[in-house]
Amino acid sequence: ITAAAADCAWQTLNTNTWITITSGASGIGNGTLSYTVAANPNTAARQGIVAIAGTEFKVSQEAKPNSTPTLTAIPNQSRVVGQAFPSVAFQIADEESPSEQLVLSAQSSNPDLLPLSGVIFAGAGPSRTVTISPTPEQTGSATVIIRVTDAGGLSSERFFSVAVIPIEAALKLSAASRSGARAPQLSLPIQ
């Protein structure tokens with residue numbers, strides 16, 4: 001701060017709660033003003049004014065970077081053909097967006113077995129469920145991708161597999177377990 005005269009008194013005026021004058025709030029003659037700014041918790045830039053001896057100075061601060069939303073893990077699912085899949089609970093969250101503003105979407109690696117219309121979301125707030133409804137009488141496997149996207153366009157994904165086992169394979173597994181024999185390994189390729 002350069003004063004007009006050596007005996008010129010000056011002071012600062014700051015009404016912004018996120019700007020703190022750390023030294024030089026007032027003085028006589030030339031002086032130095034130091035200030036700090038608090039981290040911006042918002043996703044929008046902000047501006048404040050500090051007045052020194054009646055002259056206003058603009059202080060600008062960048063927006064907080066958008067963080068990626070989160071999605072908890074979803075366990076792999078398998079059922080015998082014809083059996084219903086249970087609803088599976090999971091959680092979504094984001095630092096900047098309320099969970100009601102987050103968008104859920106899905107992809108299926110095998111739409112013949114599991115079309116997108118067979119991936120049904122329910123719930124509200126951070127607590128959500130997904131229910132899998134495969135095509136009737138179809139067997140096989142699919143990888144499902146669940147994606148959560150925030151208002152800023154950032155997203156995160158979780159993968160899980162869905163297997164629909166033929167009744168014959170399920171009966172063989174059941175018979176082997178009842179007889180005490182080592183059950184044969186059932187492996188279905190993930191598509």
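**Exercise 1. Strand pairing**

In which sense do strand 11 and strand 12 pair, and over how many bridges?

*Solution.* The model is predicted, so local features require pLDDT of at least 70 and side-chain atom pairs count only at pLDDT 80 or more, whereas totals for chains, interfaces and linings use all residues. Residues are numbered from 1 along each chain as its sequence is written, and side-chain values use heavy atoms, with hydrogens and water left out.

Step 1. Strands (E, at least two residues) and helices (H or I, at least four) are DSSP runs numbered from the N terminus. Two strands pair if DSSP finds at least two bridges between them. The chain contains one helix and 14 strands.

Step 2. Read the pairing. Strand 11 (residues 119–124) and strand 12 pair in the antiparallel sense, over six bridges. Within strand 12, Thr131 stands opposite Ile120.

Step 3. Examine the turn. The hairpin of strand 11 and strand 12 has two residues between the strands, and Gly125 takes a positive phi near 60° there.

Step 4. Turn to another partner of strand 12. Strand 9 is joined to strand 12 by four bridges, and the two run antiparallel. Here Val88 stands opposite Val130 of strand 12.

**Exercise 2. Nonpolar cores**

Which residues touch the most other members of the largest nonpolar core?

*Solution.* Step 1. Define the core. Buried means under 20% relative accessible area, exposed over 50%, and partly exposed in between (1.4 Å probe, protein chains only). A nonpolar core is a set of buried Ala, Val, Leu, Ile, Met, Phe, Trp, Tyr and Cys residues joined through side-chain atoms within 4.5 Å.

Step 1. Identify the members. The largest core has 21 residues, of which Val130, Ile132 and Ile146 touch the most other members. Strands 9, 10, 12 (127–132), 13 (140–149) and 14 each supply at least two residues, and strand 13 gives the most, with four.

Step 2. Follow one residue. Contact means heavy atoms within 4.5 Å. Residues up to four places away in sequence not being counted, Ile132 touches Phe85, Leu114, Gly118, Val119, Phe160 and Val162.

Step 3. Note a second, separate core of seven residues, which includes Trp10, Trp18, Ile19 and Val50.

**Exercise 3. Salt bridges**

How many salt bridges does a search of the whole structure find?

*Solution.* Step 1. A salt bridge is a side-chain nitrogen of Lys or Arg within 4 Å of a carboxyl oxygen of Asp or Glu. The search finds three.

Step 1. Describe the pair of Lys64 and Glu95, whose closest N and O atoms are 3.0 Å apart. Lys64 lies in the loop between strand 6 (55–61) and strand 7 (70–71), and Glu95 in the loop between strand 9 and strand 10, so the pair ties together parts 31 residues apart in sequence. Lys64 is partly exposed at 25% relative accessible area, while Glu95 is exposed at 62%.

Step 2. Glu96 is partly exposed, at 22%.

Step 3. Complete the set with Arg147 and Glu157, whose closest N and O atoms are 2.2 Å apart. Arg147 belongs to strand 13 and Glu157 to strand 14, 10 residues apart. Arg147 is partly exposed at 21%, and Glu157 counts as partly exposed at 34%.
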